[in-house]
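This briefing is meant for a reader who is meeting the structure for the first time. Please keep the sequence and the model in view while working through the points below.

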Amino acid sequence: HKARAMQSTLSRRDLLRLSGSAIAGAIAAPFLAACNTMSSVLAPTATDALAAFPPGFLWGTATSAYQIEGAVREDGRGPSIWDTFSHTPGTTVGGATGDVADDHYHRYQQDLDLMQQLGLQSYRFSIAWPRIFPTGTGTLNHKGLDFYKSLVDGLLQRNIRPVATLFHWDLPQALQDRGGWENRDSASWFADYAAAMFAALGDKIPLWLTLNEPKTVTQVGYIYGAHAPGIRDPQRAYTALHYMLMGHGKAVQAFRAARPANAQIGIALNLAPVYAAPGTTNNAYYVGLQDGFENRLYLDPVLRGHYPNDIIQALQKQGIDIHYIQSGDEALMGTPIDTLGVNYYNPVIIDDNGNHITAYPTTEATWEQVYPAGLTDLLTRLKRDYGDLPLAITENGRPSTDAQPGTTVDDLARIQFLYNHFQACARAITTGVRVTSYHVWSLLDNFEWNQGYSQRWGIVSVDYATQRRAPKQSALWYRQVIQHNAVQPVPGA
């Protein structure tokens, strides 16, 4: 019951919306974000003309290792912080763990066949660091590496582009015991792991992503403690963020040194356009501040090579000691990347008092406000403020309630959601934004972190008792989108 209470108050990205507003009430920083806020546009509707996408645009899905693989004690894999966290009573809904999840480690060939049947052109997955280095550093575990070699070869044989994420939250527990991301050495640990992966698979993987959603790790894992490693300390949170971003920079440098043929590298950031609530008149300060904590704190170091000054001042006024920032650190974080991965789920709406409000419909994940126009605003803002960098939609999706898991579920709400967001993406492309691919979250129903198995995000339904897979109606509709490289009508609309 404690975990279910957490579900309503400490959901994954719901927490992300709280951090900036909590700080906003306690500090006063100059408002420097007048040109960083996003202009609202009308949400797409089912009556819009069906959008076509540019030739060569890639359609795919996304997953992460701990959410689907299972086999947590097999073939030399070491424990991760999520193994430790999920086995701690009261941390997940129903006491769920990723011990088995979708058993993808044993069933990946079946899952590859599913991807091929759906016509996927790109597949984003993550590599479990503790499968490669069971203690985080030292001797490489070849059995773990062999799994990813087989996965990548299977993708290539099916003409599906592999997109590999190096860190999707499953830090080796042995490194956490040495201070984890709060240890300055963690940046080098990560770079060494990345270099090993580039040496082993660099020429077979066209797109590498260093970190997934450092904002989630910082806020949900280190401020609110609802994700691994379960820490509640802002000082430790922003220290960890700094070394994560340094690790990103070092990994990009290792990639450049390895020079894998025809490959690119980037990072996946979860970004949220920030808007004044309808009818408000006096909240420009709060909107700008929240934009800093939601977006610029992550975008500016990676794309400009420095933190936003107003947010650093805000942190200091909150009592954060920024001694961890040393000369040269920010330039390292800004080592040029090739592509920016964009995870989009919801906007943030701010009232006159700096509070977050719900202004749009929500999904089964109550933190997720459905506002497709926010994706258009976000993508156009990225080009306007950060230049003409290629963008990949690395996550976008919604959960559903499935009455009969493992069967072809009629998930019309997900189809409508994807329809509207694909249309919103197309709008940005027509303005000149270079969006290269779109990865729906997620391929499979899976372990949804502290929500356990209570939410189903997949376009493929999974019966966890039997591990039976079945494409939902959204998957069959998505197959048509991919075949035509254009948005398809919503069934029954």
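This is a predicted model: local features need pLDDT of at least 70, side-chain atom pairs count only at pLDDT 80 or more; totals for chains, interfaces and linings use all residues.

- Because five of the five residues of strand 2 are buried, the strand is largely enclosed by the rest of the structure.
- In a regular strand, the side chains alternate between the two faces of the sheet.
- Strand 1, which covers residues 58-62, runs parallel to strand 2 and is joined to it by three bridges, and glycine 60 has serine 122 of strand 2 as its bridge partner.
- Strand 2 (residues 122-126) also runs parallel to strand 3 (residues 161-167), and five bridges join the two.
- Within strand 3, proline 162 is the bridge partner of tyrosine 123, while threonine 165 is the bridge partner of serine 126.
- Helix 9, made of residues 186-201, packs on the sheet and touches strand 3, strand 4 (207-212) and strand 5 (264-270), and its direction makes about 160° with that of strand 3.

**The barrel**

- Eight strands form a closed barrel with parallel pairing, in the order 1-2-3-4-5-7-9-10.
- From one strand to the next, the twist averages 25°.

**Helices 16 and 17**

- Helix 16 (residues 412-430) packs against helix 17 (residues 473-484) at an angle of about 30°, and their axes are 9 Å apart.
- Since angles under 35 degrees count as roughly parallel, helix 16 is roughly parallel to helix 17.
- Helix 16 contributes Arg414, Ile415, Leu418, Tyr419 and Phe422 to the contact, and helix 17 contributes Gln473, Ser474, Trp477, Tyr478 and Val481.
- Sorted by class, the residues of this contact are seven nonpolar, two polar and one charged.

**Aromatic rings**

- Searching the whole structure finds 37 aromatic pairs.
- Tryptophan 169 lies in the loop between strand 3 and helix 8 (173-176), and tryptophan 449 lies in the loop between strand 10 (435-441) and strand 11 (460-463), so the pair ties together parts that are 280 residues apart in sequence.

Definitions and conventions. Residues are numbered from 1 along each chain as its sequence is written. Side-chain values use heavy atoms; hydrogens and water are left out. Two strands pair if DSSP finds at least two bridges between them. Helices (H or I, at least four residues) and strands (E, at least two) are DSSP runs, numbered from the N terminus. Axes are lines fitted to C-alpha atoms, for helices over the stretch in contact, and angles run from 0 to 180 degrees between N-to-C directions. Contact means heavy atoms within 4.5 Å. Buried means under 20% relative accessible area, exposed over 50%, partly exposed in between (1.4 Å probe, protein chains only). Angles under 35 degrees count as roughly parallel, over 145 as roughly antiparallel, 65 to 115 as roughly perpendicular and the rest as oblique. Ala, Val, Leu, Ile, Met, Phe, Trp, Tyr, Cys and Pro count as nonpolar, Asp, Glu, Lys and Arg as charged, and the others, Gly among them, as polar. Rings of Phe, Tyr and Trp (its six-membered ring) pair if their centres lie within 6.5 Å; planes under 30 degrees apart count as stacked, over 60 as edge-to-face and the rest as tilted.
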